[in-house]
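Have the sequence and the 3D view open side by side.

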Amino acid sequence: MEGFIRTGSPETPDISLNPILGRLEFSGKSLPEDPATFFKPILAWIDEYLAYPVSKTDIEIKLDYFNTATSLVLMKVFNKFQEKKNVVVHWYHFPEDEDMLESGKEFQVLSKLNFEYHEFH
Amino acid sequence: MKSLNSIYELHKKLEDDQIIIAYEGELNPQITNSVLTLTEKNLDKKIPTTQARRKAFHIAVECLQNISTHSEKIEKYPNSIFLIGQEGDEFFVSSGNVINSDKVDSLQRRLDQINNLDKEGLKQLHMQVIKESLLKQESSNAGLGLISIARKSGKKIGYQFVEMDSENSFFSFQASFLKEPETV
């Protein structure tokens with residue numbers, strides 16, 4: 001299976017999906033009006049990956065901003081990993097960005113996945 | 001010809017009101033992106049604290065995308081207005097757009113529902129709406145933007161409907177927040 005790399009734009013995040021390391025990284029900003037279209041190939045990639053996942057999957061969310069439309073898509077990403085073993089979501093936030101931290105905690109409750117919180121440096 | 005004085009007067013009015021950005025015109029996805037780019041630049045220049053900048057930008061995104069995604073095109077009134085400014089100890093994000101009058105009731109109900117909730121209530125509603133939207137597989141996010149705006153603002157959302165003709169109403173919207181966050 002091949003990796004997936006997409007460079008971001010002012011409205012969309014950088015995406016790097018590595019099936020060998022089991023590392024899915026989203027960084028930058030995500031505020032497209034129609035994130036469903038943008039994320040469609042990513043959700044498809046994840047389905048393919050989940051057929052033969054590696055022993056541990058790390059989902060790195062390094063977003064400094066995302067709109068509410070994106071939050072629905074993120075939820076879809078997390079839901080795909082429900083009941084899968086050894087999945088950790090690494091949720092990054094700026095030290096002073098309490099809202100982003102809280103948002104991570106809400107996703108943790110909604111998805112029931114294992115979350116680890118990290119600060120951007 | 002329009003009086004040249006009126007240009008100066010409009011400029012002076014915007015300066016006096018400490019407007020950070022003002023846009024009047026059509027809002028489609030492409031224009032929305034341009035307005036947001038400009039908004040971000042102006043916020044960087046005119047709002048000193050990162051936290052307030054983040055809040056203003058977040059509210060601006062949801063506000064503009066609400067207009068450009070949810071409002072169907074009304075040929076007769078294609079234009080919307082969008083402003084960010086400050087008054088006293090608050091920043092505010094305001095918008096105005098024309099909607100079909102038959103949507104007024106449901107929008108008003110949703111706004112009242114949001115305005116009647118406290119911080120915890122809004123959090124619960126936010127999570128509930130995310131869950132429901134995923135179950136229904138619907139692309140529309142059913143008021144998630146408004147809930148999110150209310151959560152960022154920490155204040156009641158201001159709104160007003162003005163009947164323009166038998167079919168259309170003007171929807172004015174305003175979300176404000178304190179320049180300095182309250183210390184708990």
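Two strands are said to pair if DSSP finds at least two bridges between them. Helices (H or I, at least four residues) and strands (E, at least two) are themselves DSSP runs, numbered from the N terminus. Residues are numbered from 1 along each chain as its sequence is written, while chains are lettered from A and ligands numbered from 1 in the order in which they are written. Please keep in mind that this is a predicted model, in which local features need pLDDT of at least 70, side-chain atom pairs count only at pLDDT 80 or more, and totals for chains, interfaces and linings use all residues.

**Pairing strands in chain B**

Strand 4 (residues 158-163) of chain B pairs with strand 5 of chain B in the antiparallel sense, over 6 bridges. These two strands, strand 4 and strand 5 of chain B, form a hairpin with 4 residues between them. Within this pairing, you can find B:Gln160 opposite B:Ser172 of strand 5. Strand 5 (residues 168-178) of chain B also pairs with strand 3 (residues 90-100) of chain B, again antiparallel, over 11 bridges. Here B:Val93 has B:Ala175 in strand 5 as its bridge partner. In a regular strand, the side chains alternate between the two faces of the sheet.

**The two chains side by side**

How many helices and strands does chain A have? It has 3 helices and 6 strands, and from the N terminus on they run β-β-β-α-β-α-β-α-β. Chain B comes to 6 helices and 5 strands, in the order α-β-α-α-β-β-α-α-α-β-β.

A residue is buried if 20 or more other C-beta atoms lie within 10 Å of its own, exposed if 12 or fewer, and partly exposed in between, with C-beta atoms placed from the backbone. Two residues are in contact if their C-beta atoms, placed from the backbone, lie within 7 Å. The radius of gyration is taken over C-alpha atoms, and the globule rule is 2.2 Å times the number of residues to the power 0.38.

| Chain | Residues and radius of gyration | Buried residues |
|---|---|---|
| Chain A | 121 residues, 13 Å | 33% |
| Chain B | 184 residues, 17 Å | 28% |

A compact globule with 121 residues would have a radius of gyration near 14 Å, which agrees with chain A. For 184 residues the value would be near 16 Å, and chain B agrees as well. Along the principal axes, the C-alpha trace of chain A spans about 40 × 25 × 25 Å, and the C-alpha atoms of chain B fill a box of roughly 55 × 45 × 30 Å. Among contacts between residues at least 6 apart in sequence, 72% in chain A join residues at least 24 apart; the figure for chain B is 66%.

**A helix with a buried face**

Now turn to helix 2 of chain B. Which residues of helix 2 of chain B are buried? They are B:Thr32, B:Leu36, B:Thr39 and B:Leu43. Seen down the axis of helix 2 of chain B, these buried residues fall within an arc of 65 degrees (counted by the directions from the helix axis to the C-beta atoms), so they line one face of the helix. An α-helix has 3.6 residues a turn, so residues three or four places apart point the same way. The face of helix 2 of chain B turned away from the buried side carries exposed residues, among them B:Gln30, B:Ser34 and B:Lys41. The cover over the buried residues of this helix includes strand 1 (21-25), helix 3 and strand 2 (80-87) of chain B.

In helix 3 of chain B you will find B:Ala60. B:Ala60 is buried, with 25 other C-beta atoms within 10 Å. Leaving aside neighbours within four places in sequence, B:Ala60 is in contact with B:Leu36, B:Thr39, B:Ile84 and B:Val93.

**Where the chains meet**

Finally, 22 residues of chain B are in contact with 18 residues of chain A. Helix 3 of chain B gives the most to the side of chain B that touches chain A, with 8 residues.
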